[in-house]
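Here is a short report for a reader who is meeting this structure for the first time. Look at the contacts between the chains first, then at single parts of one chain.

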Amino acid sequence: MNPLELARAEPGPAFTVTLDGREIEALPGQTVAAALWTAGVTSWRSTRGEGRPRGIFCGIGVCFDCLVTVNDRPNQRACLLPLRPGDAIRTQEGTGRHE
Amino acid sequence: MSEPRLAVIGAGPAGLAATLAAAARGVHVTLVDSAAEAGGQFYRQPAPGLGARRPQALHHQWRTWERLRDGLRTHVRAGAVRHLTDHHVWFVERPDTGGFTVHALVGPGQEEAAEVRADAVLLATGGYEKVLPFPGWTLPGVVTAGGAQAMLKGGLVLPGRTAVVAGTGPLLLPVATGLAAAGARVAALVDSADPASFLRRSRALAGRPDKVAEGARYAGQLLRHRVRTLLRHTVVEALGTERLEAVTIAALDRDGRVRPDTRRRLDCDTLAVSHGMLPHTDLADALGCRLDGTDVHVDAEQRTDVPGLWAAGETTGIGGSALSLAEGHIAGRSIAARLAGRTPDPHEWTAAARTREKLRSFFAAVDSGYALPAHRAEQVTDETVVCRCEEVSAGAVREAVRELGAGDLRTVKLLTRAGMGWCQGRVCGPGVAEVAGCAETPGRRPFARPVPLGVLARAGETAGPARAAAPEEPQDDAHRDQ
C-alpha cells in the first residue's frame, strides 16, 4: 500500500523538473516538498550558521525550515509551492543569496 | 442599504461553519483562505491534479466535510459567498472610516497584494503544532506529527518507510494510524502520558462517550497495523548525521524523569513528533484583542473584546474540529444578528452551545491527562539547538538566564536572537520558555507573515473593494529583525 493507492489516485501525467540539474518526476498538484519526498530526498538546504541539512519540519508554512531556491528565487517554502513542468529546484545554501 | 459584509479568515471547520450560518441569514461573506481549497488542516484536500477518487480514506468525519463543502458551493453559486483561495492574510486594519480592511498576499509566490473591506471580521485562523526541543530534532526526517499528516493528506506522500510517532497528545493517534494505513511501518507510538492520569479524569472523559469510542476505534486500528503503543515513554534523542537513522527512547518514572536503564534504540527514517497544539493569534494580537494565556478571549457569542471582531475554532483554544464547528456556527449566527442591528437570542444556538461546553471541559481533562513530563528540559543538552532559524543552542539560552539575568522570553530573544528568525519565534517560543524556565507567552508580531516591502508601502493607499497590485521584485525578509 502507498498513499496514492490508498486514496485511489489517478493523477494527470507526470512531468519533469530538475533538482540541481538532475531530472526528477513530479505529479500535477504536488508541491516542491512532495515531489522531493517522492524522489527520496528529505533535505534540500543547509543552514546559514552551521551548514546543517534541513528539509520539511512543520509541513504547513509556519516554520520556514524547508526553504529552497526555485527558478532562481531563493527562500521559497517547499511545503507551499506547487511545481510546474520544467521548474528548476536548487538546494539552498545559507541565505541563498551568495551567487 | 447594501447587505452587511463579513470577512471570514480561515476556511477550516470553524470558518466554514460561520460562513454557512451567516450567509444563510443574509450576510455577504468573503471567505479568505491560504489554501487552494477549503477544508483547513483537518479537512486538507489532496491537490486536484492528483485525481484522488477516495480522499476520504485519509480522513475522519467525511460526511461532515461533504455537508460543509456542498453548503459552501451552494452559497458561492448563489453569490452570497465569495471564496478567495491562495490568499495569505498578513494584517487586518481598522481604518478611521470604520469597518475593517483585510490585507492579503496572493498566490504561492505571495508578491501580489489584495484587500478586502468588511463590516465585521471572524478570525478562524486555527492552530499549529507545538514541538519542544530534544537532541537531534533538527535532523531531516524529524517532522511535526501534523506536518506528516498534512503532507500525506495534501500531497499523498510519506516521508520514509519506517516511522516512530512520539510526544504527547490526542493527535498522535490519527497520525500513527494514518501513516500505517498509507503504507508506512510504524515502529512505535511513544507517548509520555501516564495512563493513570486518564483514569483519574474518567468522569470528565465519560461525558463524551462518542470521543471515548473514537479513542477505542484508534486503539483497534493500532492493533490491526501492529503498532506498539508505549505510554509513559519518551524520545530522548534523534540519531543520525545527515538524516534521521534511529531514535533513543526510554521509560519515565513516576516523577517524569527518564529511567536511564530503560534506554533503547529504535531504527527509523521518520520521527513524527508533537507536544500539543498552539493557536494562531497573530492577527488577533495585532488588532489588540485580549488573550487568555495563549488563546484569543471570546464571550458566549464568540466575540472578542474588539468591536466587530469575532473569533472561533482553535484560535480561541485547542479543542478539535467538532468544537470548532460549534463555535463557528455560534459566531456566524451572532454576526448575522449583530450586523442586522439585533441582539441575538442565545436560544437560537442551544444545541451548539451545549456541544461547546461539553467539548471544552472534555479537552480540559484530556489536556491535563497529556501533561508533559515534569523534568523534560533536563534532556535538552546544552548543545541542542532550540531556535531552529537562528541556530541558538540551549546552552546560550541558559547562559542568558544564569549569567545575564534574562527572566522572560523577550529578554532571552534580545540577548540570544532566539525567536528573531524567519518563523518569528512561532516554533521555538515554547522550547525557549521551557529551557529558560520562564512563562510561555504569545509572541507579539506586527504582521502575521513576511510581507514584501513594496506591498507594505502601498497598503492602505486605496480604500474600497478588493484590488490587486502589480507583482514586483520580492523583498521577502522585510520584517525579519523586528
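Asp65(A) and Arg388(B) meet through their side chains in a salt bridge, at 2.6 Å from N to O. The model is a predicted one. Across the interface of chain A and chain B, the rule finds 3 salt bridges. Polar contacts join 17 residue pairs between the two chains, with both residues at pLDDT 80 or more.

Which elements of chain A supply at least two residues each to the side that touches chain B? They are α1 (3–6), α2 (32–38), β4 (53–54) and β6 (73–77). Strand β6(A) gives the most, with 5 residues. By type, the residues on this side of chain A divide into 25 nonpolar, 13 polar and 10 charged.

The interface can also be described by contacts and by area. In contact terms, 48 residues of chain A meet 58 residues of chain B. The area buried between the two chains is about 4300 Å². Carbon and sulfur atoms give 58% of that area. Three residues of chain A stand out: Leu6(A), Trp37(A) and Phe57(A). Together they supply 18% of the area that chain A buries against chain B, more than any other three residues.

**A helix of chain B**

Helix α10 of chain B covers residues 350–369, which is 20 residues. From its first C-alpha to its last, α10(B) reaches 29 Å. That is close to the 28 Å expected at 1.5 Å a residue. Which of its residues are buried? They are Ala352(B), Ala353(B), Arg356(B), Leu359(B), Phe362(B), Phe363(B), Ala365(B), Val366(B) and Gly369(B). These buried residues pack against four helices of chain B: α5 (195–200), α6 (202–206), α7 (209–224) and α9 (320–339).

The loop between α10 and β21 (385–387) of chain B holds Ala377(B). Leaving out residues up to four places away in sequence, Ala377(B) touches Arg398(B) and Glu434(B). Ala394(B) is 17 residues from Ala377(B) along the chain, and their C-alpha atoms are separated by 9.6 Å.

**A strand residue**

Thr248(B) belongs to strand β14 (residues 244–251) of chain B. Is Thr248(B) buried or exposed? Thr248(B) counts as buried because its relative accessibility is 11%, and the cut-off for buried is under 20%. Its contacts, not counting residues up to four places away in sequence, include Thr234(B), Val235(B), Val236(B), Glu237(B) and Leu239(B). Thr248(B) also touches Arg263(B), Arg264(B) and Arg265(B).

Most residues other than glycine have a negative phi. Asp86(B) has a positive value, and Gln424(B) has a positive value too. Asp86(B) sits in the loop between β3 (81–84) and β4 (87–93) of chain B. Gln424(B) sits in the loop between α12 (409–416) and α13 (429–436) of chain B. The table sets out their values.

| Residue | Phi | Relative accessible area |
|---|---|---|
| Asp86(B) | near 55° | 24%, partly exposed |
| Gln424(B) | near 60° | 4%, buried |

Why does Gln424(B) count as buried? Its relative accessibility is 4%, and buried means under 20%. Asp86(B), at 24%, is partly exposed.

How values were computed:
Residues numbered from 1 in each chain as written. Chains lettered and ligands numbered in written order. Predicted model: local features only at pLDDT ≥ 70, side-chain atom pairs only at ≥ 80, totals over all residues. Heavy atoms only, no water. Expected span 1.5 Å × (residues − 1). Buried < 20%, exposed > 50% of the residue type's maximum accessible area, 1.4 Å probe, protein only. Contact = heavy atoms within 4.5 Å. Buried area = accessible area lost by both parts, 1.4 Å probe. Salt bridge = Lys/Arg side-chain N within 4 Å of Asp/Glu carboxyl O. Polar contact = N/O pair within 3.5 Å; in protein donor to acceptor, adjacent residues only side chain to side chain. Nonpolar A, V, L, I, M, F, W, Y, C, P; charged D, E, K, R; others polar.
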